[in-house]
Amino acid sequence: MTVPLPGVPLTEHRRLLPLLAELGYTGVWSAETNGVDAFTPLVLAAEHAPALRLGTAIAPVYTRGPGLLAMTASALAQLAPGRFALGIGASSPVIVEGWNAAAFDQPFQRTRDTLRFLRAALGGQKVDQAYDTFGVRGFALDPAPAEPPRILLAALRPGMLRLAGREADGAITNWLAVEDVPKVRAELGPKELAARIFVCPSEDADAVRALGRRLIAAYLTVGVYAAFHEWLGRGEQLAPMRQAWAAGQRKEAAAAVPDEVVDALIVHGSYARCREHVARYAQAGIDTPVLALVPLPGLDTERAVRELAPR
């Protein structure tokens, strides 16, 4: 399950995190956009739900220096030995440049270099290295974690998926349909594939689709996601949306998203139907399906957590 849960204060997670473990969820994965950071919710989980696996999905490689990112990951790895997975990725120009005043340059190379640095630093090595996108002089964790965390890469297209397959412990993806999974899996290979799956448990299909069209228009017009869905074969379906968005016509862009795209990318319907849809992702090749609740007004979050739990 993605944490923090929508509409739930962070302090209330002290009660709900143990409940997630009791209900059969195997892990919690944080996100980092403009709410809480990626690591603080996992510190709570390390303390209050020691049975859960913890993961960042994802921590951007630009918004912390390499050494600080290594120190923060090391702290989580020491709090939850063997249970923490560090998901890293390039993030987006809005988050990196617009909100964090950093240059979004060479995202593939920066992610690759950060992965290589973290491998060395979290493995206990002293790093004195000039990478293509940054240099580190004489950095060593004191202490390094006894058990380094697994490192997964946010990956949407073949280049990053192949890098994850070669050098990381797996990949994290999102905004994909069940039928997209084999194509992604073919590029990654046998390593762990995690996917954030957006779930809106409601039988009001019109309301879900209205919300879904707005979300899809906001996300899939971002360059990396537009290219991802072009690669997946939705370029023609989504072209009217992209054209309207580029013209500044936000409402028209959302209205141009076909219902079948919403239905493919957002799990919705009854709780039983949602559970069945999520199960199909696992059957298609997702090792770690990570649910992310997309709430309509009036959603009872705790009930949703209970009803969506594995059976």
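Predicted model: local features only at pLDDT ≥ 70, side-chain atom pairs only at ≥ 80, totals over all residues.
Residues are numbered from 1 along each chain as its sequence is written, and side-chain values use heavy atoms, with hydrogens and water left out.

Let's begin with helix α1, which covers residues 13-23. Helices here are DSSP runs of H or I with at least four residues, strands are runs of E with at least two, and both are numbered from the N terminus. Which residues of α1 are buried? They are His13, Leu16, Leu17, Leu19 and Leu20. Buried means under 20% relative accessible area, exposed means over 50%, and partly exposed is in between (1.4 Å probe, protein chains only). Those residues cover an arc of only 160 degrees around the axis, so they sit on the same side of α1; the arc is that of the directions from the helix axis to the C-beta atoms. The general rule behind such patterns is that an α-helix has 3.6 residues a turn, so residues three or four places apart point the same way.

And what do the buried residues of α1 pack against? Their partners are β1 (2-3), β2 (27-30), α2 (40-48) and α14 (301-308), where contact means heavy atoms within 4.5 Å. Just after α1 comes Gly24, with a positive phi of about 105 degrees.

On to the charged side chains. A salt bridge is counted when a side-chain nitrogen of Lys or Arg is within 4 Å of a carboxyl oxygen of Asp or Glu, and a search of the whole structure turns up 20 of them. One of these pairs Arg112 with Asp113, their closest N and O atoms being 3.0 Å apart. Are Arg112 and Asp113 buried or exposed? Both are buried.

Another salt bridge joins Asp169 to Arg119, again with the closest N and O atoms 3.0 Å apart. Asp169 is in the loop between α6 (158-167) and β9 (170-174), and Arg119 is in helix α5 (residues 107-122), so the pair ties together parts that are 50 residues apart in sequence. Arg119 counts as partly exposed, at 33% relative accessibility.

Glu187 and Arg162 also meet through their side chains, at 2.7 Å from N to O. This pair links distant parts of the chain, with Glu187 in helix α7 (residues 181-188) and Arg162 in helix α6, 25 residues apart. Glu187 is partly exposed with a relative accessible area of 23%, and Arg162 is partly exposed with 42%. Elsewhere, salt bridges that share partners join Glu12, Arg15, Glu302 and Arg306 into one network.

Now for the backbone. Where are the cis peptide bonds to look at? One runs from Val3 to Pro4, with omega near 0 degrees, and Pro4 is in the loop between β1 and α1. Another cis bond runs from Asp142 to Pro143, also with omega near 0 degrees; Pro143 is found in the loop between β7 (135-139) and β8 (150-154).

Positive phi values turn up in residues other than glycine, too. Ala101 has phi near 55 degrees and lies in the loop between α4 (93-98) and α5. Trp175 likewise has phi near 55 degrees, and its place is the loop between β9 and α7.

Last stop: helix α9 (residues 223-232) and helix α10 (residues 235-246), which pack at an angle of about 150 degrees with their axes 9 Å apart. Axes are lines fitted to C-alpha atoms, for helices over the stretch in contact, and angles run from 0 to 180 degrees between N-to-C directions. The two helices are therefore roughly antiparallel to each other (angles under 35 degrees count as roughly parallel, over 145 as roughly antiparallel, 65 to 115 as roughly perpendicular and the rest as oblique). Ala226, His229 and Glu230 of α9 make the contact with Gly235, Leu238 and Arg242 of α10.
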